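My notes are below the structure.

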Amino acid sequence: MEIETTWGQWKKMLNQAINAAEFIGMSEKTIDEIAYRVGDFLANKVDPGNREQKLLNELWVGAGENEKRVLASLLVRMVDNDN
């Protein structure tokens, strides 16, 4: 399965999801855990739709569990700081 989005669209969707999670009171730890699980799902089930997603996929596939958690957390911070 492939999801066709631009990098900007993908970041905007992720930002909206994070804002919704924060609005309902999810903790940073919970948001990071969800990001890790979603990242794992996407890496295993969805073909990257653009070059940035391909890079993230390659990083994810080559990373250990702790590195994947750091990567997920960094992505959350990146799009949350784009506001």
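The model is predicted, so I kept local features only at pLDDT of at least 70 and side-chain atom pairs only at pLDDT 80 or more, while totals for chains, interfaces and linings use all residues. Residues are numbered from 1 along each chain as its sequence is written, and side-chain values use heavy atoms, with hydrogens and water left out.

Entry 1, Asp32. I found Asp32 in helix α2, residues 28-45 (helices are DSSP runs of H or I, at least four residues, numbered from the N terminus). With a relative accessible area of 17%, Asp32 is buried (under 20%, 1.4 Å probe, protein chains only). Leaving out residues up to four places away in sequence, Asp32 touches Ala72, Ser73, Val76 and Arg77 (contact means heavy atoms within 4.5 Å).

I looked up how helix α3 (residues 51-62) packs on helix α4 (residues 65-80): the angle is about 150 degrees and the axes are 8 Å apart (axes are lines fitted to C-alpha atoms over the stretch in contact, with angles from 0 to 180 degrees between N-to-C directions). The pair is therefore roughly antiparallel (over 145 degrees). From α3, Leu56, Leu59, Trp60 and Gly62 meet Glu67, Lys68, Leu71, Ala72 and Leu75 of α4.

Asn57 is in helix α3. I noted that Asn57 touches Ala43 and Pro48, again not counting residues up to four places away in sequence. The C-alpha atoms of Asn57 and Asp40 are separated by 9.4 Å, with the two residues 17 apart along the chain.

Note on methods
Helices (H or I, at least four residues) and strands (E, at least two) are DSSP runs, numbered from the N terminus. Buried means under 20% relative accessible area, exposed over 50%, partly exposed in between (1.4 Å probe, protein chains only). Angles under 35 degrees count as roughly parallel, over 145 as roughly antiparallel, 65 to 115 as roughly perpendicular and the rest as oblique.
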